[in-house]
Amino acid sequence: MLRPRGARWFEMLVAWDDLPRAVEALGQLRSVELETDGGAPLVTQVAPGLGERLTRFQEYARQYQAFWPPILMHAPLPREAFLPQVDHALEQLSGWVTEAGPLIRALRHTEGLLTDMAHYQGFVGAMARGELDFDRLRQPEGAVLQSALFALPPEAQLENDIPIDLLYRDVTDRNNRFLLVVGPRESVGHVKEEIGNVNGRTLEIPDWFQGRAADLVLTVEQKLQHGQQEIKRLKRQLERLGNHWRIAEAAGLLDYAAWLLQNLTGTPSVGPLAHITGWTDRQEVRSLNRMLASIGVRGLLRFAEPVPGHRIPMLLANPAWVKPFEILPGLMGTPDGDDCDPSLLVAILAPLFFGYMFGDVGQGAVLLGAGWLWREHQAGKLLIGGGVMAILFGFLFGSFFCLEGVFPPWWQHALARPLDVLAWPLGAGVIILLTSQGLSALQAHWQGQGHSWLAVHMGVTLIYAGLLALPFPAVRDPGLALIVVGLSWHLFGHEREHPSTSVGQWLKGLLLALSHLPETLLQWLVNTLSFSRIGAFALAHAGLSQAVVALADASGEAYLLVLVAGNLLILALEGLVVSVQTTRLILFEFFIRFFRGEGRPFRPMQLPPGGRVSWVKEGLTSDS
């Protein structure tokens, strides 16, 4: 479980006509990563010109996909009909574009008008109680004065004041702020520039703006309804066109062809067969061959020796409950074949850290419930572990929704003996750092460098253990002995790794070994002290809880309301802070001693976008 294993290289010979079905079935398993062994590109063997055709399709999709019906993904017919089908699908799209183009332009124009109309509705609604006569805003040809209407975000602030030679009205509705100005053209121009700087826009004052604003409310409403009906009519026409040209099927086939091209770019052929190669996380191939046969694929898959020069993807062999915690090592990379996968230890340590800092039965239950509701997501699974540990430490500290005294603590109230609360995380930190050294030694053993690790690192580890014993009189003498042994080990180990040929070289090596020692030990001690923050945050949590209870007591009849609000604040604020601290301790205090993250992750092939083909589902069901 600690050591990742490499994925297995496989090769498969499959009839060309069954290739799409085989690839999609393998993709649905999420157990296969395709990687070419250097064959000629598929596009030059089976479908010359396919790349250019799909580029044309992607351009159509970029411009018009928003107006297409949901894509119906489906595989193309046999190899001989592959390109003709692609060409036919492109002809369908081209025909649809020719007929749908005017409708789309009309639709976009009407949607723009509706957006303006919504602004007009807000403006006349805000001006409805005013007596302003819009007829007076009309500007005859060559008029010196100009009127303009602007819409801008409600919170927008103009950089400069409105020029004093302008008359203006500044009104707001629920979504926008409107500015109607009248005055010299030059001054109106200055306001227009400022409006643009705050993401506002200039609205045309339409010809039908006549009379008072109250008279326009009904007119605007009618125009809005007319525009909405027009949009519905245009969308119905587009829908009929889509059905006529069978756009869903055409786009689905082209989308599928693009997915095939992406995954099979390097697939070569062996006569009438395609040669698929790649990696799989499966340990045997019988189930894969049985599954492929059950869906009618004519082909055979077998394990083979990987092509020289290819990096082997690493697989992490963790149980299901540990899987969510792989995200933390994943932040620093993937462990290689000779590295330790710390996911199991992270799955134990991270909830413990979190629970110790967040010890409260009630708040832990809330986190557990939230995690359970959100369990389909990665964060929800992590929250479940943190919630369980928060409940456990809540019982140990005797805290329930900030209240102490609801039940007796199994250990002690956190603020009763704060030094104890600080000391335990320090002791745990020592064990965690020594564990990280053990993992480092294990990695060195796997890499065939165990003797070198012992020579270089064992002495420092002994000195560290001896320094930790010095503050305790009962073990001070053994601690001093460990320091002496560790120092000797370190010096002899350095000489073993860097043998000297002269006295001068020996002295130089000795000084070099001694010069690095203080810095290394200081880092160890600082890393150890960092774990005291777990206890510090536990005390901060207890102090904040007491403050919430004190505020609730002082609030009289609002006791319950203040208590609930305080707990919500703690859940939101400390939930974030404690999560960050937990991540920081794992990454920068624990991983730093051994984790390298230089392996290649296994990236299983994904399903084609937009759907799957029914036969695959049936085949997988029978296989499982």
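Predicted model: local features only at pLDDT ≥ 70, side-chain atom pairs only at ≥ 80, totals over all residues.

Trainee: What makes β5 and β6 a pair of strands?

Mentor: Strands are DSSP runs of E with at least two residues, and helices are runs of H or I with at least four, numbered from the N terminus. Two strands pair if DSSP finds at least two bridges between them. Between β5 and β6 (residues 177-184) there are 6 bridges, and the strands run antiparallel; they therefore count as paired under that rule. A hairpin of 4 residues connects the two strands.

Trainee: Which strands make up the open sheet of 4 strands, and in what order?

Mentor: The order is β5-β6-β4-β7, with antiparallel pairing. Its edge strands are β5 (167-172) and β7 (201-203), each pairing on one side only. From one strand to the next, the twist averages 25°. Helix α4 (residues 82-126) packs on this sheet, touching β4 (145-152), β5, β6 and β7; contact means heavy atoms within 4.5 Å.

Trainee: Why are β1 and β14 said to stand at the edges of the other sheet?

Mentor: That open sheet of 3 strands has the order β1-β11-β14, with mixed pairing. β1 (5-6) and β14 (600-601) each have a single partner strand, so one side of each lacks a neighbour in the sheet. The pairing of β1 with β11 (residues 313-315) rests on 2 bridges, and G6 stands opposite M314.

Trainee: Why is α1 called roughly perpendicular to α7?

Mentor: Helix α1 (residues 19-29) and helix α7 (residues 247-263) pack at about 75°, with their axes 11 Å apart. Axes are lines fitted to C-alpha atoms, for helices over the stretch in contact, and angles run from 0 to 180 degrees between N-to-C directions. Angles under 35 degrees count as roughly parallel, over 145 as roughly antiparallel, 65 to 115 as roughly perpendicular and the rest as oblique. The angle therefore makes α1 roughly perpendicular to α7. P20, R21, V23 and E24 in α1 meet Y256, W259 and L260 in α7.

Trainee: What makes L569, L573, L576, V577 and V580 a patch?

Mentor: Patches consist of residues with over 30% relative accessible area and no salt bridge, joining like charges within 9 Å and nonpolar side chains (Val, Leu, Ile, Met, Phe, Trp, Tyr) within 5 Å. These five residues form a nonpolar patch with about 450 Å² of accessible area together. Accessible areas come from the Shrake-Rupley method with a 1.4 Å probe, and for residues only the protein chains shown count as cover.

Conventions
Residues numbered from 1 in each chain as written. Heavy atoms only, no water. Salt bridge = Lys/Arg side-chain N within 4 Å of Asp/Glu carboxyl O.
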